[in-house]
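This report goes through a structure by its salt bridges, its chain contact and its surface. Please look over the sequence and the model before reading on.

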Amino acid sequence: MPGKGNRVRNEELRPGIRAMGRSEALNKTGRYRFFKKGAAGKKVAGKPEAAPAKEPKFYPAEDLPQPIKQRNPNASKKIAKLRKSIEPGTVLIVLAGRFRGKRVVFLKQLEGSGLLLVSGPFEVNGVPVRRVNQAYCIATSTKVDLSGAQYPSELNDEFFARIENDEKLKPNAEAYAAWLAKRKEVQKKVDAVLMKSIAKEPLLKEYLAARFKISRGDAPHLMKF
Amino acid sequence: NIEKTNLLKMGFKRFVQVGRVVYINYGPENGKLAVVLDIIDNNRVLVEGPTTGVERQQMPLKRVNLTDYVLPIQRGFRTGNLTKAINDFDLEGKFNSSSWGQRLSNRQLRAGLTDYQRFELMLLRKQKSYLLKRAVAKAKKAAK
C-alpha cells in the first residue's frame, strides 16, 4: 500500500531494528495473495533429494589402511639416472651375484628397466651378455673404444625374460634349443665388436680376465678406480 | 757454542734454527714444506712457506719434521725476501731429488693409481720377482 503521509509500514525502532519481523512484514505486504500454492510454487528450485545411501551390512572391526593417494602416478616412472662415470665402453667391476669381482664391459643402459647391459666378453671371462644394476658396479676409469658400435636389435629387457615359468619354452626341447641358439648368436655378434677394440690395448684382455679382489692392507675407500 | 758441540757429540744433527726447512706432517698444512723464521718458545716456531702455500703462522714443533736444509736468512725475514731466498736455494729441486722427496712422490703416485694401473703393477712385480729368483738360483748354482 502506498504510504499515507508519514506512516511507514515497518517502523525502524532503533538503527537496524524494525518493528515487525520477517514473516510479519511479509504478511503485511499482501503479496501472499500471489504466491503459488504447494511444491510447484516454490520459486527457488531445490536440489532433488539424493536417495539415502544404503548402509553396508558389514563393517571391518578396525580401520583398514588406505593406500596413500599419489598426486601424479606417472611422475616416478623414470629409469635410474646413469652415473657420470659410466659411459659405453667403461669397464665395470661387478660387486654381487654370480659374477662378483669380474670386470665387464658396459654396453648401454636398457630403456625399460634402466639396468646396465654388459658383456664379459664371454670368451675372455665367462660373463655373457647380461643385465646388471648400476648400484652393484664400480665404474673404473678404463674405457674400451666402442664408438660407432651397433648391437643386435633384440637386446632389450624382453630378451632377458626368465624362461623357467614359460610353459611353451622350458619343457619343449626344440623351442629351448632354438632359444639357446639365439642367445649364443647374439653373444657372438656382441663380442665380435668388443674383441676388436680390446685387442688394441696391450694388457686389456688379461685385465678383463682377472677378478678384482681385496687383500690384507688394501683400503678400498682410498683406492682410485 | 759449547751446547751445540755437546749436542753434536750426542748425535743430533738437525737443529731448530732460523732458516731451518721443516716438513709439516700434521694438521691443515700437512705435507708441506716451510721455513722457520723465529722461535717463539720451547714448543713453537714461527713458520712460513710462500712457495708451498703455508701462510706465516706459529707452528708447534710436534707437527713438524726437521729436514737437512738450512736457508741463509735472518730472523723474521718477510715474505718477499724469504721467497727470494727459497728460489735462490732451489729448495724444491733439492728436496724433490732427495730420497725423502722421492719417497713422498712415490707414495702419491701409488695412491693415485687406477684399477688398470694396479693390475699392470701387479704383473710387473711378478715379472721382477721371477727374474730375481731366477738370477738368485743361478748364482747359487754357480757358487756350488
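## A salt bridge within one helix

A:Lys189 and A:Glu185 both belong to helix α3 of chain A, and because they are 4 residues apart there, about one helical turn separates them. Their side chains form a salt bridge, with an N to O distance of 3.1 Å. The model described here is a predicted one.

A:Lys189 has a relative accessibility of 42% and so counts as partly exposed. A:Glu185 is likewise partly exposed, its relative accessible area being 36%.

## A salt bridge between distant parts of chain A

A second pair consists of A:Asp157 and A:Arg131, whose closest N and O atoms are 2.6 Å apart in a salt bridge. This pair links distant parts of the chain, the two residues being 26 residues apart. A:Asp157 sits in the loop between β7 and α3 (173-200) of chain A, while A:Arg131 is in strand β6 (residues 130-132) of chain A.

Are these two residues buried or partly exposed? A:Asp157 has a relative accessible area of 15%, so it is buried. A:Arg131, at 27% relative accessibility, counts as partly exposed.

## The contact between chains A and B

Over all chains, the whole structure holds 11 salt bridges. Across the interface of chain A and chain B, the count is 1 salt bridge.

The two chains bury about 970 Å² between them, and carbon and sulfur atoms account for 59% of that area. On the chain A side, A:Leu203, A:Tyr207 and A:Lys224 supply 51% of the area buried against chain B, more than any other three residues. Chain A brings 16 residues to the contact and chain B brings 10 residues. Between the chains there are 4 residue pairs in polar contact, both residues being at pLDDT 80 or more. On the side of chain A that touches chain B, β7 (137-143) and α4 (204-209) of chain A each supply at least two residues.

## B:Asp115 and its partners

Which residue of chain A forms a salt bridge with B:Asp115? The partner is A:Arg103, and the closest N and O atoms are 2.9 Å apart. The side chains of B:Asp115 and A:Arg103 are also joined by a polar contact of 2.9 Å. Why does this pair join two chains? B:Asp115 lies in helix α5 (residues 115-143) of chain B and A:Arg103 in strand β4 (residues 103-109) of chain A, so the pair joins two chains.

Both B:Asp115 and A:Arg103 are buried. For B:Asp115 the relative accessible area is 2%, which means that this residue falls in the buried class. Leaving aside neighbours within four places in sequence, B:Asp115 is in contact with A:Ile93, A:Arg103, A:Thr140, A:Tyr207, A:Phe212, A:Lys224 and A:Phe225. Salt bridges that share partners also join A:Arg103, B:Asp115 and B:Arg118 into one network.

## A nonpolar patch on the surface

On the surface, A:Leu26, A:Tyr32 and A:Phe35 form a nonpolar patch, and together they have about 290 Å² of accessible area. One of these residues, A:Tyr32, is found in the loop between α1 (22-29) and β3 (90-94) of chain A. The relative accessibility of A:Tyr32 is 47%, so this residue counts as partly exposed.

Conventions: Residues numbered from 1 in each chain as written. Chains lettered and ligands numbered in written order. Predicted model: local features only at pLDDT ≥ 70, side-chain atom pairs only at ≥ 80, totals over all residues. Heavy atoms only, no water. Patch = residues over 30% accessible without salt bridge, like charges linked within 9 Å, V, L, I, M, F, W, Y side chains within 5 Å. Areas by Shrake-Rupley, 256 points an atom, 1.4 Å probe, with all protein chains shown as cover. Salt bridge = Lys/Arg side-chain N within 4 Å of Asp/Glu carboxyl O. Buried < 20%, exposed > 50% of the residue type's maximum accessible area, 1.4 Å probe, protein only. Contact = heavy atoms within 4.5 Å. Buried area = accessible area lost by both parts, 1.4 Å probe. Polar contact = N/O pair within 3.5 Å; in protein donor to acceptor, adjacent residues only side chain to side chain.
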